[in-house]
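Me: I've got a structure open and I'm new to it. Can you walk me through how to read it?

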Amino acid sequence: MSASEPGTWQRTSPFAILFFIGKILRLIAKNAWQSLAPLFAFLVAYQGDLVNKAILGSVVFALVITTAAVLSYWFFRFQLLDDSILIRQGVIKKKQLDIKFERIQGVNTRQNIVYRYLGLVTIAFDTAGSAGSEGNLPAVTREFADSLRARISTTSGIGESVVTADAPVADTLMHLDWRDMLRIGLADRRALLLFAFIGPLFERFADNAETAAMEYVEMAASYGLQIDINNGLWIGISVALLLVVILVLTSIAAAFLRFHDFHLYLDGRTLRSTGGLLTRHEHSMDLGKIQTLRLQQGIMQRWLGHYRMTARQAMSGGRQRKQKVFDIPVVTAALADQLRARLLAPDGGGLTQDPTSPLFASVSPFYMRSRILYGGLFPAMACCIAFWPELGAISLVFLIWLPVVIALAFRSWRRAGYLHDDNELIRRSGLLGYRTVGLLFRKIQRISITQSRYQRRKDLASLRIYMASGSVRIPYIEHAKARQLRDYILYKVESSQQAWH
Amino acid sequence: MFQNPEIALEALPGFDELEWQDLHPHFKRRLRAQFAIVILIVAVAFAIPTFVPGVPLIVVVALWSAFMIVATALMIWPAITVPRRGYVLRDKDIIFRSGVIWRSVTAIPFNRIQHVETSSDPLDRKFELATLQLFTAGGSSGDLRIDGLDKETAEQLRTFILKKVGASIERV
C-alpha cells in the first residue's frame, strides 16, 4: 500500500479484521446485556445437554463476531485527498468521515503483538474540535503512517517542520528503562486508591481469617501441638501485606505494558513517544499545539523524588470534553526543565518548573482565611451547637476539626505560588504533593479578575487565566499586581501575530 | 518588517479609567418579569397546603413569610445587580464586568474569539432585548455572555466583533 495516487478508494490490509474483532468485543463488553440477550435466548430454546449448548454457543458467538468483523473490514474504505482524508465505513448505517489535515493535532499509532510481526499499525487521528468520533485507520503499514504523518505536518503548515519519512532526523530526548517502570508502578495512584477502597472489606476478611486461625489453634492444641495465639494476628497482617504486594506488582506490570522501552523524540517540531510491551503505542504532538505543560508529584513520587510531566492540547468541544494529553511518565526536576526549554522554544521555556525552586512568589496569607472560616470554624461551630443539647460539653470534640483545617490551609498556602517572566507564567499548587502548570502568555484565550468583598477590603484579587486546555487560577494576589499582569497579558495576546493553536 | 519595540509596563493601557457601557434600562424590568413568573408558580404551589384542612396554622404562616422574604429579595435584586454589569468595547478586546458580592472583570481579545452568537428568548423579545455570547477555544457553553442588550446594539456588536475577528485572522 502506498500513500500516493490521491482520489481512489482503498481498503486497508485484511489484518484489519483483528482490529474490528477487538472493537466489537469492546462494544459487547460495554453493552454486555443487550448484545448477549439473543444468544442467551437461543441457548435456552435449544434442546440438548449443557456442554453441547455451551460449545454451540461459543461457536455461534465466534462466527457472528467474525462475520461482523469481516463485513466491517469490507465496508471500511478510505481515500487520501490533497488536504484531507475521507473514511467511509459502516455495514448497515453508512458513515463518511472527512478529516481535514489542518485540523489534525497529532497522528498516534498503536501496534499490537500480531501487527508488530507484520509491520502494521493502527492510526488514530487526534483532531481538534471533534466530539467523540475520531478517526481510526486500522492495519496500515508503518511506512504509510510515516508518510501520512509527514504529509499532514507539511499541509497543516506548522512552522519549519523538517520531517522526512526517508531519513528521520529524530533527536532522542529521553529513554525509560526497567527501573523507571518500577517507579511508575510504585507511584500509581490507582493502586493506593484501590487499596483504600478495599481496605474496609479487607478488615472483615482479616477478622474471619483470625477466627479461622483461632479455630485452627484450638484444634491444634487439642492434638497436642503448641501454636502461639498471636499467630492469628500474624496471618491477618501477612494477608494484608500480600495484598499490597499484589497491587503494587499489578501496577508495575501495567507500567511495563504501557511504557516499556519508552522513547521520547523531537522530530523537527514534532514531539514523539513510543512505548509499550505487547501493544506498542506511538504518540506524536506538534510543539506549537502545546497549551500547558504540567509537572505533577504525588506523595509516593515525592518520596521517590520524581515527577510526571504532561503536555496538554486544546480541549475538544462537545459534551464529553476530552483532554488531550501527551504523557511523559517519569522525569526528574532538572530533566523537566531541560525538556520544557526544548518544547517551548523559541517563545519561552526559560523559567524553571521545579516546585521547590525559591523563585516562586507566594500569594497573600489571607488565602487561608476563607478556607479556615468556611471549611473549619463554621462547620465545627455548627456541629457543636447542634449536638450540644444531646452531648453537652462533649460536643466540643468537634473543635478538633479546626486545627486539622488550619494545618491543611497553611500547607496549601505554602505551596501556592507563581512565577513569570516576559513570555510565560508558572503557577504552583498542591496539598500533599506538588503541581506546577506552565503556560505561554500569547496562547491565553481570555482572562478575568475576581474580587470578593473581603478581597476588596484587603485590596487583593484572584486572577483566572483561561487556556484552550483549561483554566489556571492565581488566588489572592495584590489587586494592582493582578491588573498589571492582566494588562500585560492582553498586550501580549493582542500584539501576537502567531497562531495560538 | 517585523518590529518589536520595548514597552514600559506603566505605559500599557489599563482599563480602570474606562467608561463602562450600561445595559439597556429595560433589562431590570425583564429580569423582574422573569422572577415574577417564577414567584407566581411557587405561589400557586404554596396555595395548596394553605387550603388543605388539617395543616397547622404555624406551618402555613412560616411558609408564607419565607415566601414573602424571598419574593421581595428577588424583586429588589435586579435593581442591585444590573447597574453593576457593564461592558467596554475597545479596539482589540471586549471587557465585561459583573457581580455584586464577587465582582469579576473578564476580558476577551478579539483574536481569540471563535464565534459570536446573538439570541433572544420570548421575554427578551417582549422587551426588545438580546443576548450576546462570545466563544473562545476550550471553553464550555458561552465564555462571555452579555444579557440585556438592546437588540440593535447586540447586532452592531456582533458585526463589529466579527469584522475584528476576521481582520485578526487575515493578519496571522
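**Where two chains meet**

Reply: Let's start with one pair of residues: Q451(A) stands opposite R103(B) in strand β3 of chain B. Keep in mind that this is a predicted model.

Me: How many bridges join β18(A) to β3(B), and do the strands run parallel or antiparallel?

Reply: There are 5 bridges between β18(A) and β3(B), residues 103-109 of chain B, and the two strands run antiparallel.

Me: Now the wider picture. How many residues of chain A are in contact with chain B?

Reply: A general idea to begin with: the size of an interface is often given as the accessible area lost when the parts come together. Here we'll go by residues in contact instead. On chain A there are 29, and they meet 24 residues of chain B.

Me: Which elements of chain A supply at least two residues each to that side?

Reply: Look for β18 (446-451), β19 (460-467) and α14 (479-495) of chain A. Of these, α14(A) gives the most, with 9 residues. By class, the side of chain A that touches chain B has 13 nonpolar, 10 polar and 6 charged residues.

Me: Next, helices. How do I read the packing of α11(A) and α12(A)?

Reply: Check how close the axes come and at what angle they cross. For α11 (residues 367-391) and α12 (residues 401-415) of chain A, the axes come within 9 Å and cross at roughly 160°. An angle over 145 degrees counts as roughly antiparallel, so that is how α11(A) lies relative to α12(A).

Me: What is the handedness of the crossing where α11(A) passes α12(A)?

Reply: That crossing is right-handed.

Me: Which residues meet there, between α11(A) and α12(A)?

Reply: From α11(A), the residues include Y367(A), M368(A), I372(A) and L377(A), and among their partners in α12(A) are W401(A), V405(A), F410(A) and W413(A). Sorted by class, the contact of α11(A) with α12(A) has 13 nonpolar, 2 polar and 1 charged residues.

Me: Last one: domains. Where are they in chain B?

Reply: The domain assignment of chain B gives domain 1 as 26-81 and domain 2 as 85-171. Their C-alpha centres lie 33 Å apart. The two do touch: the contact takes 8 residues from domain 1 of chain B and 9 residues from domain 2 of chain B.

Me: Which element gives the largest share of the domain 1 side in chain B?

Reply: That's α1(B), with 6 residues. Both α1 (26-51) and α2 (57-81) of chain B give two or more residues to that side. The classes on the domain 1 side are 3 nonpolar, 3 polar and 2 charged.

Notes: Residues numbered from 1 in each chain as written. Chains lettered and ligands numbered in written order. Predicted model: local features only at pLDDT ≥ 70, side-chain atom pairs only at ≥ 80, totals over all residues. Domains from an automatic or database assignment. Contact = placed C-beta atoms within 7 Å. Helix = DSSP H or I, 4+ residues; strand = E, 2+ residues; numbered from the N terminus. Nonpolar A, V, L, I, M, F, W, Y, C, P; charged D, E, K, R; others polar. Axes fitted to C-alpha atoms, helices over the stretch in contact; angles between N-to-C directions. Parallel < 35°, antiparallel > 145°, perpendicular 65-115°, else oblique. Left-handed = near helix turned anticlockwise from the far one by under 90°. Pairing = 2+ DSSP bridges.
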